[in-house]
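Visitor: I would like to learn how to read the features of a fold, step by step. Could you walk me through the sheets, the helices and a few backbone details?

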Amino acid sequence: MVEGPGATRNGRKAQVLIGKVVSSSAPLYNPRHAPLVGCTLFEAFSVGKEMFLIFNGDTEDDASSSDTAMRLHFGMNGSFRTRKVANHETQPPPSSTPHWKQNDLRLYFEDGNNPGNYTVAEAWDTTVNYPVSASSARDKFTNSSSRDVCSVLFNAQNVFTSLRQSGSRLNISDALLNQEIFPGVGNIIKIESLHRSKIDPRRIVKSITDIELRRLIRNARQYSMDWLQIGRAGTKLVYNQTVCGTCQGMTIKMQKIGGSSAADGNSSSNSMSRVTFWCTSCQPFDPTSQGNSSGTTSSSTAGSQGTILGRNPTLSNRTQPQCPQHGLRATKLSRVRKEGDNTLRIFFTCKMKSCQYFHWADGPFPSCQCGKKAVLRISKTEKSGGRWFLCCAGGGRGNNNNGCGHFTWATDDHLAPLSTLLTPLL
């Protein structure tokens, strides 16, 4: 997921386009954007996980109702860039982007100082909404910037007040991801800031003390700003880990949390169930702290149900395939994502881009009734979250759209050859 730091960096990239006019001579990638031809980009900014481009076709002094806006939301894997092209070079370089990415935006802006040259704005795997209200976009920026986790106008007290007033009856996981409360916070920031604050992700906001809540806001801000500065997420102590990076214990649990988190049991319109990791040692859950609250953090959720992700120590001592040229340290485990006969199968490969090492990792797995290798997946439910199982690549639900229904829990014999390369979000 592209979280606040990524959206903020994209907003900064778009700043180079301000004052430039959408070209009428270069090809138009999307006919729906035709009204933008001849328009000038006057503003480019991000709010939380969104980016807005504000255009006006009249004069620079007129920020009026004639303004129009484009909204970009980068979803799970979206990206944005600008690049300069010369003399009608209207196609991107052949290897500039992965072939599996879908181009959703390409606008050519005239370079006033160099006629015939352009600055191109491009986005991939991104939701592009046009037109949207420019005034609504500006209002969103004005009203949300003080709570935006990456904004220069960030005010921790405003976030604290918003969590107490709007999110007090929510599960803390839902409250942090609510973009009306804390814009820019995504699942990784949520998980890592909760861990650093020693707060169990299943707690209700009103059960969290003021000291704990302020520490949580501070940690979310720090993790986000570090991410923004270096361009990638910082150290993940629990996210997608099997051993806690703080206590070094095999005490990490995972499950989907959220989506029905108000203390009265009603779903929040801004919440959805997300895979969450936490350390049961560093982030202990105290059921008595929940008072009389109901909701998702019930005694069954807070109890000992679920699966600890740490592996049997004897498994890592067994032999596993490795790159013959670069060794075990360069070997990684990957999954086939492309649609086809081998979809979702796992394999060993090498981290070195020039290396051609490849070895199927599912040799010990049984075949399903479809005659194909069963695929390895991980449970994300409350009772068995973190436990690996083998199922039909079609989904294992026993119907025509979801395969043959094959299902077995994975054993040590299945997992042993994968050793420490196996991560929960593979």
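Guide: Gladly; let us begin with a sheet. Strands of a sheet pair through backbone hydrogen bonds, either parallel or antiparallel. Here β13, β14 and β15 form an open sheet of three strands in the order β13-β14-β15, with antiparallel pairing. Two strands pair if DSSP finds at least two bridges between them. Because β13 and β15 stand at the edges with a single partner strand each, one side of each is left without a neighbour in the sheet. From one strand to the next, the twist averages 30°. Such angles run from 0 to 180 degrees between N-to-C directions, and axes are lines fitted to C-alpha atoms, for helices over the stretch in contact.

Guide: Two words on the ground rules. This is a predicted model, in which local features need pLDDT of at least 70 and side-chain atom pairs count only at pLDDT 80 or more, while totals for chains, interfaces and linings use all residues. Residues are numbered from 1 along each chain as its sequence is written, and side-chain values use heavy atoms, with hydrogens and water left out.

Visitor: How many helices and strands does the protein chain have?

Guide: The protein chain has eight helices and 15 strands. These are DSSP runs numbered from the N terminus: helices are H or I, at least four residues, and strands are E, at least two. Of the 426 residues in the protein chain, 50% are buried. Buried means under 20% relative accessible area, exposed over 50% and partly exposed in between, with a 1.4 Å probe and protein chains only.

Visitor: Back to the sheet, then. Which residues stand opposite each other?

Guide: Follow the bridges. Strand β13 (residues 375-378) pairs with β14 over four bridges in the antiparallel sense, and C391 in β14 is the bridge partner of V375. On the other pairing, three bridges join β14 to strand β15 (residues 407-409). There, L390 has T408 as its bridge partner, and F389 stands opposite W409.

Visitor: Are the faces of strand β14 covered or uncovered?

Guide: Both faces of β14 (residues 388-391) are covered. W388 and L390 are buried on one side, and F389 and C391 are buried on the other.

Visitor: What is the order of the strands in the sheet of four?

Guide: That open sheet runs β1-β2-β3-β7, with antiparallel pairing. Its edge strands are β1 and β7 (127-133), each pairing on one side only. The twist averages 20° from one strand to the next. Within the sheet, six bridges join β2 to strand β3 (residues 68-73), and F52 has R71 as its bridge partner in β3. Helix α2 (residues 134-144) packs on the sheet, touching β1, β2, β3 and β7, and its direction makes about 40° with that of β1.

Visitor: How do I read a pair of helices?

Guide: Look at the distance and the angle of the axes. Those of helix α1 (residues 4-13) and helix α6 (residues 210-230) come within 9 Å and cross at roughly 40°. That makes α1 oblique to α6; angles under 35 degrees count as roughly parallel, over 145 as roughly antiparallel, 65 to 115 as roughly perpendicular and the rest as oblique.

Visitor: Which residues of α1 and α6 make the contact?

Guide: P5, T8, R9 and R12 of α1 meet S224, W227, L228, Q229 and I230 of α6. Contact means heavy atoms within 4.5 Å. In α1, the buried residues are G4, P5, A7, T8, N10 and G11. The buried residues of α1 pack against β1 (40-47), β2 (50-56), β4 (79-85), α5 (187-196) and α6.

Visitor: And how does α5 pass α6?

Guide: α5 passes α6 in a right-handed crossing. Their axes come within 8 Å and cross at roughly 130°, and α5 and α6 are therefore oblique to each other.

Methods:
A crossing is left-handed if the near helix is turned anticlockwise from the far one by less than a right angle, and right-handed if clockwise.
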